[in-house]
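Hi everyone, thanks for coming. I'd like to walk you through a model on the screen, so let's have a look together.

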Amino acid sequence: MTTDTPTDVFEEHRPVLMGVAYRMLGRVADAEDVVQDAWLRWSAADRAEVREPRAYLVRVTTRLAIDRLRQVKARGEAYVGPWLPEPYVTDFGDTVPDTAERAVLADSVSLAVLVVLESLSPLERAVFVLREAFGYPYADIAAMLDRGEPAVRQLAGRARRHVDEGRPRYEVDPAQRRDLTERFLAAAAEGDLAGLMEMLAPDVRLIGDSGGKSQAPLRILETADNVGRFLVAVAGKGVPEMSFRFLELNGGPAVLVLSGDTPDSVFQVDVSAGRIRSVYIVRNPDKLRSLASA
């Protein structure tokens, strides 16, 4: 007989539920709201009828996230400039000891993947997240979504093809990525254009997300020359009381830039063949609030 309380059971599975909700929505606040709604459903449920609490909670969370995503798409909200997911602190710690599993989880929460997932339908996104990130069998996903298994397999195949076509392939060597991130930060902070050019791939892209609420490019910048010169110009303007903090965000090393105690921006890079292929900058203050205490 178990003595776990409903709260104990829910808290045990909260990291998985948050992982599902964030990958579905790309927004930390929305994911937290969905997980809170899942808690309300769980607290009111007849737990004598729940054979597998984790499966029940993942099913509830997934359906709530699908509903939230449909509402967002139905509103057709206009976003100023390029959109990036809200940065998400990922620290798998001892909860995911298997290296291969850690790599899958990190990849599925990466900025590059989440940007592509935005173009999927809510059902396609749910199937992709449950299958690719969490390894659920097709039969289990079908039960969670009240769909036939053949339909779920079709959704999974379509989503996988779309992600493969839309996402560039990057190296995931954490040590190399961290080294390039540190060197990139040093060169950018010093306005060292030559140093930046050595690290940037010729076809590098810089995606800046401000939501129109702070300064950032309103279009994607391309080529090493354009990206390098932009970064040097930004360094010349400076940030009041600037300091830096390294974090693991979205499965990889990132730099949080602070102005005093206030998050100013997040920088993250993707690497291939020893060169930086993508630079992501998040400056929308609404997406940085959760990092104030990170």
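I'll start with aromatic rings, go on to charges over rings, and finish with the sheet and its helices.

A word on the basis: this is a predicted model, where local features need pLDDT of at least 70, side-chain atom pairs count only at pLDDT 80 or more, and totals for chains, interfaces and linings use all residues. Residues are numbered from 1 along each chain as its sequence is written, and side-chain values use heavy atoms, with hydrogens and water left out.

Rings of Phe, Tyr and Trp (its six-membered ring) pair if their centres lie within 6.5 Å; planes under 30 degrees apart are stacked, over 60 edge-to-face, and the rest tilted. By this rule there are four aromatic pairs. One of them joins Phe-10 and Trp-39 edge-to-face, with 5.3 Å between centres and 65° between the planes. Phe-10 is in helix 1 (residues 6-25) and Trp-39 in helix 2 (residues 28-44), 29 residues apart; helices here are DSSP runs of H or I with at least four residues, strands are runs of E with at least two, and both are numbered from the N terminus.

Is Phe-10 buried or exposed? Buried means under 20% relative accessible area, exposed over 50%, and partly exposed in between, with a 1.4 Å probe and protein chains only. Phe-10, at 1%, counts as buried, while Trp-39 is partly exposed at 21%.

Tyr-22 and Tyr-88 make a stacked pair, 4.2 Å centre to centre with 25° between the planes. That pair ties helix 1 to the loop between helix 3 (53-75) and helix 4 (99-108), across 66 residues. Both Tyr-22 and Tyr-88 are buried.

Now the charges. A charge sits over a ring if NZ of Lys or CZ of Arg is within 6 Å of the ring centre and within 35 degrees of the ring normal. The charged end of Arg-131 sits over the ring of Tyr-138, 4.1 Å from its centre. Likewise, Arg-178 lies over the face of Phe-246, 4.1 Å from the ring centre.

On to the sheet, where strands pair if DSSP finds at least two bridges between them. Six strands form an open, mixed sheet in the order 2-1-6-5-4-3. Strand 2 (221-222) and strand 3 (242-249) each have a single partner strand, so one side of each lacks a neighbour in the sheet. Strand 4 (residues 252-259) and strand 5 (residues 262-272) pair antiparallel over five bridges, and Val-257 stands opposite Ser-265 in strand 5.
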